[in-house]
There are 2 protein chains.
Amino acid sequence: MSTEVANPRDDCRALGQVIDRIGDKWTVMVVGHLSEGPQRFNGLMRAIPGISHRMLTLTLRGLQRDGLVRRTQFPTIPPRVDYELTDLGLSLTGPLSMLARWASAERSSIEAAQRVYDGETA
Amino acid sequence: MSTEVANPRDDCRALGQVIDRIGDKWTVMVVGHLSEGPQRFNGLMRAIPGISHRMLTLTLRGLQRDGLVRRTQFPTIPPRVDYELTDLGLSLTGPLSMLARWASAERSSIEAAQRVYDGETA
């Protein structure tokens with residue numbers, strides 16, 4: 001914990017930035033798949049439907065920058081690169097899986113509400 | 001629950017859409033403030049630093065469409081409009097507050113990791 005007196009509005013803004021990063025759907029899916037163990041780029045590509053090569057590259061880079069994912073290159077021929085969660089990344093899997101469980105359980109209720117809303121406002 | 005045989009890839013995609021919607025930082029903040037009780041538009045504007053009139057309008061509209069927020073207009077002069085969480089919206093506050101607590105607790109670790117990464121790649 002920092003001992004400096006924080007500005008609550010700055011706090012709120014910074015918190016929003018963190019949530020925007022980790023609430024991104026590709027981030028949630030990559031963290032979810034890495035929670036099962038280290039994976040290679042192509043393994044993640046296969047496991048996550050609809051993700052593009054570029055989007056997976058950007059998502060992994062963002063996660064490395066945030067300190068949530070570690071990239072390890074092994075000096076084999078051809079070189080092998082693994083991606084795995086750091087301890088910080090592992091600590092995120094609990095909150096994210098709660099959110100994913102909620103989304104999965106309530107998806108049909110949300111879609112039903114959307115159909116009613118779109119019918120009313122059409 | 002639907003009885004049709006679901007395609008797991010479609011499921012995963014639909015789940016991603018729900019997470020993208022509810023993982024948006026303004027959505028998280030609006031749901032967080034509404035968890036304390038019904039609020040008016042201007043009250044939310046004051047409570048959420050940095051949100052624009054247009055972004056609050058869009059966020060509330062999205063939450064109404066998803067069935068998470070109820071808008072009630074009272075026939076007073078001038079008319080009064082309240083926004084409050086539905087039962088579905090209330091059920092989201094648990095998972096979201098876990099995520100917000102994680103973001104708040106780990107924000108300084110994330111920012112430290114970003115400084116190291118940006119220094120290494122500069």
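**Exercise 1.** In which crossing, left-handed or right-handed, does helix 2 of chain A pass helix 5 of chain A?

*Solution.* A word on the model before we start. This is a predicted model, in which local features need pLDDT of at least 70 and side-chain atom pairs count only at pLDDT 80 or more, while totals for chains, interfaces and linings use all residues. Residues are numbered from 1 along each chain as its sequence is written, and chains are lettered from A and ligands numbered from 1 in the order in which they are written.

Step 1: find the helices, which are DSSP runs (H or I, at least four residues; strands are E, at least two), numbered from the N terminus. Helix 2 of chain A covers residues 25-34 and helix 5 of chain A covers residues 87-121.

Step 2: compare their axes, lines fitted to C-alpha atoms over the stretch in contact, with angles from 0 to 180 degrees between N-to-C directions. The two axes come within 10 Å and cross at roughly 115°.

Step 3: judge the hand. The crossing is left-handed, a word used if the near helix is turned anticlockwise from the far one by less than a right angle (right-handed if clockwise).

**Exercise 2.** Find what A:Leu34 is in contact with, leaving aside its neighbours within four places in sequence.

*Solution.* A:Leu34 lies in helix 2 of chain A and is buried, with 25 other C-beta atoms within 10 Å. Buried calls for 20 or more such atoms, exposed for 12 or fewer, and partly exposed is in between, with C-beta atoms placed from the backbone.

Step 1: list the contacts (C-beta atoms within 7 Å). The partners are A:Gln39, A:Val69, A:Tyr83, A:Glu84 and A:Leu85.

**Exercise 3.** Which residues of helix 4 of chain B are buried, and where do they lie around the axis?

*Solution.* Step 1: pick them out. They are B:Thr59, B:Leu60 and B:Leu63.

Step 1: look down the axis of helix 4 of chain B. These buried residues fall within an arc of 95°, so they line one face of the helix; the arc is that of the directions from the helix axis to the C-beta atoms.

Step 2: turn to the other side, where B:Arg54 and B:Thr57 are exposed.

Step 3: see what covers the buried residues. The cover includes helix 2, strand 1 (69-74) and strand 2 (80-85) of chain B.

**Exercise 4.** Which helix of chain B gives the most to the side of chain B that touches chain A?

*Solution.* Step 1: count the contacts. 40 residues of chain B are in contact with 40 residues of chain A.

Step 1: name the helix. Helix 5 of chain B gives the most, with 18 residues.

Key
Two residues are in contact if their C-beta atoms, placed from the backbone, lie within 7 Å.
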